[in-house]
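Let's walk through this fold together, starting with the sheets and then zooming in on a few side chains. Keep the viewer open as you read.

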Amino acid sequence: MSTDDLPTGRWRDVAHATGLIGDDGSPRATIFTEMSALAARTGAINLGQGFPDVDGPESVKRVAAEAIAAGANQYPPGPGIPELCAAVSAHQQRHYGLAVDPDREVLITTGATEALAASILALAGPGDEVLTLEPFYDSYAAVIAMSGARHTTVPLRPTPGGFRLDLDQLHAAVTDRTRIILVNTPHNPTGAVLGAEELAAIVAAARRHDALILTDEVYEHLVYDGLRHVPVATLPGAAERTLTVSSAGKTFSFTGWKIGWLTGPAALVDAVRTVKQFLTFTTGAPFQPAIAHALALETLTDPDSGWIAGLASSLAARRDLLTAGLTAAGFDVIPARGTYFVVADAAPLGVRDAAAFCRELPERAGVVGVPVSAFTRTPGALRSAVRFTYVKQEAVLHEAVSRLGGWRA
């Protein structure tokens with residue numbers, strides 16, 4: 001059976017929205033799958049896919065193992081175990097002064113990806129618009145297509161200080177048809193950390209057009225250079241219309257556990273829970289107590305020497321290492337202030353098409369990156385830009401920098 005024989009459903013909408021339609025009309029692999037396969041085939045260092053190559057705290061792994069041994073292997077409560085819901089609530093209060101009811105205003109999800117998907121499916125549909133920043137994490141376009149809503153964007157512009165939100169474009173892009181403004185800060189793929197003026201403009205636009213705000217804050221603790229992440233829900237007039245999403249994957253380096261959470265007004269959380277229970281229903285029985293322990297451990301640890309602060313400090317140093325290497329190799333690097341990623345413009349190397357360049361780079365330099373065009377929908381946007389990750393051990397980054405330097409020479 002060919003794909004032409006299949007019912008249309010939504011799969012074609014998703015494939016078109018994410019650019020995953022081949023010349024023959026069939027779905028093709030994501031750029032991440034393609035680049036990882038290239039890395040494996042060529043022996044290149046994979047700086048394309050953003051996952052740590054070391055695990056998180058040993059004590060957290062031990063709690064998960066003990067939970068398995070103790071029998072935490074069947075369905076946990078759909079909204080999440082009470083201990084983890086309480087830990088998430090305490091985290092929001094401690095870090096941001098946000099009072100969140102653990103029983104009504106917290107939902108545990110299968111990673112942040114499910115929290116975002118369930119939110120859009122619950123709250124937007126045909127006739128609505130969902131606005132994202134551009135470039136955007138690729139799953140956003142897919143789930144917006146699944147919902148039947150229209151995907152609109154507002155650009156982040158490269159500047160000498162990093163990527164910044166185009167406020168004039170924001171004002172023009174948000175309309176009465178905008179149902180959800182999806183905000184990602186700290187931002188993947190650009191490494192931008194939105195500032196007070198940008199966040200205030202988003203809230204003002206949402207209030208002006210009675211839109212909801214959905215925030216992807218999975219990199220909330222991975223912010224550098226003395227900056228501080230500001231959750232949208234803390235801004236005046238935002239809390240009553242904002243759903244906040246985060247996860248343990250990035251904060252504690254357990255990306256494979258897929259434990260995420262969502263917080264916000266009870267009525268909005270109820271709507272998302274209604275959809276979520278027919279997606280995965282529940283998630284990660286032995287991992288939930290482990291992440292509750294991780295959040296409590298972070299509570300009891302000195303903030304200047306704890307796991308999270310140590311990880312952020314280490315990542316900032318690794319960012320600097322990779323940035324220096326890319327600059328020496330001839331890239332124009334746009335400063336990254338958070339996340340796992342840095343964007344490097346290959347135009348000074350004569351590159352016009354980063355997608356083609358990234359397919360050649362593993363053979364030529366022994367390093368893999370991902371074209372930023374994979375995160376855009378506007379034709380020609382950031383066409384020569386490449387995203388590299390630095391969430392790898394220093395020895396790996398030193399080798400990558402050495403290869404890039406040798407290739408450039």
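Helices (H or I, at least four residues) and strands (E, at least two) are DSSP runs here, numbered from the N terminus. What you have is a predicted model, where local features need pLDDT of at least 70 and side-chain atom pairs count only at pLDDT 80 or more, while totals for chains, interfaces and linings use all residues. Residues are numbered from 1 along each chain as its sequence is written, and side-chain values use heavy atoms, with hydrogens and water left out.

Start with the eight-stranded sheet. It is open, its pairing is mixed, and its order is β2-β9-β8-β7-β6-β3-β4-β5; two strands pair if DSSP finds at least two bridges between them. At the edges sit β2 (106-110) and β5 (162-165), each pairing on one side only. Neighbouring strands are turned by 25 degrees against each other on average, direction ignored. Such angles rest on axes, lines fitted to C-alpha atoms (for helices over the stretch in contact), and run from 0 to 180 degrees between N-to-C directions.

Now follow a few of the pairings. Strand β6 (residues 178-184) runs parallel to β7 over five bridges, and V183 stands opposite T215 in β7. Strand β7 (residues 212-216) in turn pairs with β8 in the parallel sense, over four bridges, with I213 opposite T242 in β8. On the other pairing, β8 and strand β9 (residues 259-263) are antiparallel, again over four bridges, and there S247 faces G260 in β9.

Buried means under 20% relative accessible area, exposed over 50%, and partly exposed in between (1.4 Å probe, protein chains only). In a regular strand the side chains alternate between the two faces of the sheet. In β8, both faces are covered: T242, T244 and S246 are buried on one side, and L243, V245 and S247 on the other.

Helix α5 (residues 111-123) lies across β2, β6, β7, β8 and β9, at about 160 degrees to β8. Helix α10 (residues 266-276) lies across β2, β7, β8 and β9, running at about 30 degrees to β2. Contact, here and below, means heavy atoms within 4.5 Å.

Over in strand β4 (residues 150-159) you'll find T153. T153 has a relative accessible area of 16%, so it counts as buried. Its side chain makes a polar contact with the side chain of E134 at 2.9 Å. A polar contact is a pair of N or O atoms within 3.5 Å; within protein, one must be able to donate a hydrogen and the other to accept it, and residues adjacent in sequence count only if both atoms are side-chain atoms. Leaving aside neighbours within four places in sequence, the contacts of T153 include L131, F136, A173 and R377.

Helix α6 (residues 138-147) is another enclosed element: eight of its 10 residues are buried, so the rest of the structure largely encloses it. Among the buried ones are Y140, V143 and I144. G148 follows α6, with a positive phi near 85 degrees.

Next comes an open sheet of four strands, ordered β10-β11-β14-β13 with antiparallel pairing. Its edge strands are β10 (332-334) and β13 (370-371), each pairing on one side only. Five bridges join strand β11 (residues 341-345) to strand β14 (residues 385-389), and A344 stands opposite V386 in β14. Helix α13 (residues 354-365) lies across β13 and β14, at about 45 degrees to β14.

Strand β14 also holds T389, which is buried at 0% relative accessibility. The T389 side chain reaches the backbone oxygen of Y340 at 3.0 Å, and one of its polar atoms lies 3.3 Å from the backbone nitrogen of V391. Not counting residues up to four places away in sequence, T389 touches residues including N46, G48, L322 and L397.

L322 and L397 also turn up where two helices meet. The axes of α12 (residues 307-328) and α14 (residues 394-408) come within 9 Å and cross at roughly 5 degrees.
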